[in-house]
Amino acid sequence: MNEPQGEGLWGKRKARWYSEGLRHSDYADKVVGVMEPVVRGCGSLLDIGAGCGALCIPLAKVFERVVALDSSAAMLDELRTAANSAGVENISTELAAWEDAEEQADDFDVVLFANVPGVLNHPHDSIPRLEKHAKRFVFLLLGTPGNADKFYFRELWPLIFGSDPPKKSNYFDAYGALYRLGIFANVAVVDYRFDQPFRDIEEAVSFWKDHMRLE
């Protein structure tokens, strides 16, 4: 079993940053707007890598039952706080890594993977293993290979490390992997806004040191 994260990659400070960014974003509105017409009539949702509830909280108005799975206790704390503020009561949380989703005893009408790192590292193993939980639909959300340099990542990485930034999986990789598995996926491109506000320059520097794992 994979160990859930404590104060590591997704600790309290980073969870708070991400929650604050979402308050200035139309990410949830745009994604839920695409999903909602498709999932009408579905009763249950498993959100793998739910984070602070960016999607499962608004989707809880569509589903009768929602299970939010995440490996970060801090992110799930943010999720429960946000759900309480929104008056949402039909979400249960599960502290576990996404690789351990197979330990979920129940099947769900819909399974959602939104920006889950590593899900495509071994797609022939991970996709069929996790797909078995979905009775009707699987949604896989990944970034697109565009020109946007989110948070100046591509600009700062070579200056700090002297090398090109690591390549991230995108929807081309996902579609190819699914195709090789005999799955012919429907693709929708969602254009959304996500900025990260900071109180001052010191907080911005702290964010980048944390984000790039700098000592």
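1. E203 has a relative accessible area of 9% in this predicted model, and since buried means under 20% relative accessible area, E203 counts as buried. The residue belongs to helix 8, and once residues up to four places away in sequence are set aside, E203 touches R16, W17 and F198. A colleague inspecting this charged side chain may wish to look at those three partners together, namely R16, W17 and F198.

2. The same helix holds W208, as helix 8 spans residues 201-211. W208 has a relative accessibility of 14% and is therefore also to be read as buried. Its C-alpha atom lies 9.2 Å from that of F153, although W208 and F153 are 55 residues apart in sequence.

3. Turning to the overall fold, the protein contains 8 helices and 5 strands, and these follow one another along the sequence in the pattern α-α-β-α-β-α-β-β-α-β-α-α-α. When contacts between residues at least 6 apart in sequence are considered, 74% of them join residues at least 24 apart. Of the 215 residues of the protein, 40% count as buried, while the accessible surface comes to about 12,400 Å², with 50% of that surface belonging to carbon and sulfur atoms.

4. The largest nonpolar core is made up of 34 residues, and L55, I91 and L112 are the ones with the most contacts inside it. At least two residues of this core are supplied by each of helix 1, helix 2, helix 3, strand 2 (65-70), helix 4, strand 4 (108-114) and strand 5 (134-141). Helix 2 gives the most to this core, with 6 residues. Another core lies apart from it, with 18 residues, among them I48, F108, V111 and V116.

5. The surroundings of I91 deserve a separate remark. With neighbours within four places in sequence left aside, I91 is in contact with C56, I57, A60, V66, A68 and L79. I91 is also one of the residues with the most contacts inside the largest nonpolar core.

6. V32 is placed in helix 2, and with a relative accessibility of 9% V32 counts as buried. Leaving out neighbours within four places in sequence, the residues in contact with V32 are P37, L55, P58 and L59. For P58, the separation from V32 is 26 residues along the chain, whereas the distance between the two C-alpha atoms is 7.4 Å. L55, another of the contacts of V32, is among the residues with the most contacts inside the largest nonpolar core.

7. The second largest pocket has a volume of about 420 Å³. Its lining consists of 18 residues, and those closest to its centre are L22, G53, A54, I57 and A82. Two or more lining residues come from each of helix 1 (12-23), helix 2 (27-39), helix 3 (56-59) and helix 4 (73-86). By residue class, the lining divides into 10 nonpolar, 4 polar and 4 charged residues.

Terms used:
Residues are numbered from 1 along each chain as its sequence is written. This is a predicted model: local features need pLDDT of at least 70, side-chain atom pairs count only at pLDDT 80 or more; totals for chains, interfaces and linings use all residues. Side-chain values use heavy atoms; hydrogens and water are left out. On a 1 Å grid over the protein atoms alone, a cavity is a set of points where a 1.4 Å probe fits but cannot get out, and a pocket is an open set with protein on both sides within 12 Å along at least five of seven lines; lining residues have an atom within 4 Å of a point. Grid points are joined across faces, edges and corners, and a volume is the space filled by probe spheres set on the points. Helices (H or I, at least four residues) and strands (E, at least two) are DSSP runs, numbered from the N terminus. Buried means under 20% relative accessible area, exposed over 50%, partly exposed in between (1.4 Å probe, protein chains only). Contact means heavy atoms within 4.5 Å. Accessible areas come from the Shrake-Rupley method with a 1.4 Å probe; for residues, only the protein chains shown count as cover. A nonpolar core is a set of buried Ala, Val, Leu, Ile, Met, Phe, Trp, Tyr and Cys residues joined through side-chain atoms within 4.5 Å.
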